[in-house]
Amino acid sequence: MAKDEYGQFVDWDKMVSKNQDSGPKEVSCTDMKELKQFARQGYWAKNHSLRAKVYHKLIKRIPCRTVTPDAAVYWDIVGPIVGVKGSRLQPLPEFADGNQVPNYCLNSVGITAVRNILMCIANQFPDISFCPVLPAVVALLLHYSKDEGQCFELVCRILACNDPGRRLIDQTFLAYESSCMTFGDLVNKYCPKAHKLIVSLSEDVLEVYSHWLQWIFGALPFEYVARVFDVLLVEGYKVLYRVALALLKFFHKVKIGESLEPGNVKAEIQDFVQGMNKVVSSEKLLEKAFSIRLFSRKEIRLLQMANEKALQQKGITVKQTRHNVQLAVHAENFQSGIVTAKEMREIWSWIPERFALSQPMQIFTTAEHGCSLTRFYTLCEGHEPTILLIKTITGEICGAYLSTDWSERKRYGNKLRFFGTGECFVFRLKPEVDRYEWVVIRHPELVSPNMENMSESPPVPSAISQEASLDRLSPFLAARHFSLPTKTASMFMAGNNESIIIGGGDGNALYIDADLNHGRTSHCNTFNNQPLCSETFQISILEVWGFKESLNS
C-alpha cells in the first residue's frame, strides 16, 4: 500500500484521514491548465501514493541550477554533518529563525530525518540566510518520500529553481520581509474589515503580518497545508497570498463579536489557524481563497520589487529588531494641530507598507504658512507621496493619501487635469473612523454646480478596470516607480491656481476652491454613499505631511 512505499516517516494513528488509498490511482494529463484544475479540486488529495508521484513529477519539472544536490550527495554528506551525536542534540540552522519542526503527524524517526535534511541543506546552500518556513516544507515532503535522500533532493530542486518568473520559497530576509510588506498591502486592500480589527488590537501591524507564512507553514493543520502545497507546485507563490487572506477573512468573521485582548492578536490568529478544522474544511478554505479577485502575478511582483527597494534604501537587508524595521509614529516628537499620534498611527496602517517604513514629516500647515494655495504648492512640490489632513470649524476631520507629487499639475499649465495612481484614497477620522476605497473617475458629473467658476473642467478619462487582462497593469501601482506608460495611471487628484480636486467617480470629490487663499468654505460630496464630512464646511486648519527618507529623497 501507499503507507508502505512512502509512509515510513508517518505516524498513521495521528492522521485525521486514515484512508489514504481512495480516489484516483493515477494522473495521466500533462497539461498545466488541467493540472491546475486538478490541484484546486484535490484530485490526488485522498491517495497518498498518487500525491507523492504527482509531487515528484511536478518538482522534477522545475528548472534548476546546473549543479543541484541530489540524493547521492545527501548520503555522502549526512554522516559527517550529523556526526555521532545526531541532529537531535544540535540546533537547527540559523535560517530557520528559531522555528521548530512542525509535528505534521510524523513519527520520531521522521522528526529526526527532518533535522538531518535541514542541516545538510545548510551545508549545500550557504546563500540561504533566512527561510523560517523550510522546516515545515521539509516535514511535509517527507510524507511523500521513500527515504531521506529522496526528500533532500526534492527540497533542493525547489530551492535551486532558476526560473526568474517562478517563485516558490523566499530564502533571504530581504525577500521574506518584502513579502510581509506586500501581504500587508494586500490585506489593506482586500481584507479591510480584518485589517481594521487588527489595527485596533496592535500598535505594530507589520509585526502581526510578518508571521503570515507561518500561519500556513506551521500553524495550519497538515491536511490543509498539503492541499495548499498541491496548488503551490502548479500555480506558484500567489496562492499563498490567497490562502493567508482567506484565513484573515474567516478570522474576522469568527472573532468580530468576541472581546479580544489588545496586544495579543498575533497569538489569537496563530491559535485560530491551528484550529481551522473546527471552522471550515480545506475545500472551503481554498474556495474562499480563489474567490478573491487578486492582482496579477506581474502586478504583485512589481509591488514586491517596490517593497524590496524601500527596504534596501533603508539599509534593511538582514534581520533587525522590529523597532528598526517598522518605524513608529512616536508620541514624544509628533505634533499636529489636527490629529494625535494615535490617530496618525491609524492613518499609517492604511498606507502602502513601503512608505510606512518612514516617519511622518509636516511640510505644510495653514496655522504657520497661511491660507495660500500658491504657498501650498510651493511647499508640497518635491514630496511624494503626501497625506492631506483637514479639520473643519465643527470638529470634523478628514483627509487623503496622495500618491503623486503636486508638481505633476504643471504639465498641463493652469488647466485642470487629473493625475495620481490607484493607491490614493480618502479617509475620515471624526466623527467616525473610516477609509474609502479609491474610485476611478468615470463621469463628467464629477464637477458639481459649486465648481462652475473653474476656468475649465478636467477631461474625463475612460474607466480603468481592476479586472484587466493579465497583460495590462492595474492602476494600483505608481507609474513613476516602474516606468509604466502614462495611460495605466489612474486619475485621482487635480489642481490649478484656483482650486484642488481630490477623488472622483459617480460625482464624488473633495473640492477645495480658490477661497482657500482667504480661508473660506470648501465643498465635499459623498464617497460610496457615506459622507466624508458635511456637504459644505469651513476649514479650521489644513496640514500636509510627507515622509522622511521617502523614495524620492
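**Ground rules.** I note that this is a predicted model, in which local features need pLDDT of at least 70 and side-chain atom pairs count only at pLDDT 80 or more, while totals for chains, interfaces and linings use all residues. Residues are numbered from 1 along each chain as its sequence is written, and side-chain values use heavy atoms, with hydrogens and water left out.

**Glu268 and its surroundings.** I checked the accessibility of Glu268 and found a relative accessible area of 18%, which makes it buried; buried means under 20% relative accessible area, exposed over 50%, and partly exposed in between, with a 1.4 Å probe and protein chains only. Setting aside neighbours within four places in sequence, I find Glu268 in contact with Phe251, Lys255 and Leu260, a contact being heavy atoms within 4.5 Å. H14 turned up again when I looked at helix H9 (residues 192-201), whose buried residues pack against helix H8 (173-190), helix H10 (205-209), H13, H14 and helix H18 (341-348). The buried residues of H9 are Ala194, His195, Leu197, Ile198, Val199 and Leu201.

**Whole protein.** I record 22 helices and twelve strands, and buried residues make up 58% of the 553 residues. Of the contacts between residues at least 6 apart in sequence, 75% join residues at least 24 apart. The protein exposes about 23200 Å², of which carbon and sulfur atoms supply 48%; the areas come from the Shrake-Rupley method with a 1.4 Å probe, and for residues only the protein chains shown count as cover.

**Salt bridges.** I counted a salt bridge wherever a side-chain nitrogen of Lys or Arg lies within 4 Å of a carboxyl oxygen of Asp or Glu, and by this rule the count comes to 18. One of them joins Glu235 and Arg40, at 2.7 Å from N to O. Glu235 belongs to helix H12 (residues 222-235) and Arg40 to helix H2 (residues 32-41), so this pair ties together parts that are 195 residues apart in sequence. Glu235 counts as buried at 11% relative accessibility, whereas Arg40 is partly exposed at 26%.

I then turned to Lys284 and Glu287, whose closest N and O atoms are 3.9 Å apart in a salt bridge. The two are three residues apart in helix H15 (residues 282-290), which means that about one helical turn separates them; Lys284 is partly exposed, at 45%.

The side chains of Glu381 and Lys410 also meet in a salt bridge, at 3.0 Å from N to O. This pair links distant parts of the chain, 29 residues apart, with Glu381 in the loop between helix H21 (373-380) and strand S2 (386-392) and Lys410 in the loop between strand S3 (397-402) and strand S4 (425-430). Glu381 is partly exposed, with a relative accessible area of 22%. I also noted a network of salt bridges that links Arg51, Arg227, Asp230 and Glu283.

**Cysteines.** How many disulfides does a search of the whole structure find? I found zero, taking a disulfide as a pair of cysteine sulfur atoms within 2.5 Å. The sulfur of Cys151 has its closest cysteine sulfur in Cys156, 9.3 Å away, which is too far for a bond. Cys151 counts as buried at 0% relative accessibility, and Cys424 counts as buried at 1%.

**Backbone.** I found a cis peptide bond joining Glu384 and Pro385, with omega about 0°, and Pro385 lies in the loop between H21 and S2. The peptide bond from Lys430 to Pro431 is cis as well, with omega near 15°; Pro431 is in the loop between S4 and strand S5 (434-436).

I also listed two residues with positive phi, Tyr104 near 45° and Cys105 near 60°. Tyr104 lies in the loop between helix H4 (71-82) and helix H5 (108-124), and Cys105 is found in the loop between H4 and H5. Tyr104 counts as buried at 5% relative accessibility, and Cys105 is buried at 12%.

Conventions
Helices (H or I, at least four residues) and strands (E, at least two) are DSSP runs, numbered from the N terminus.
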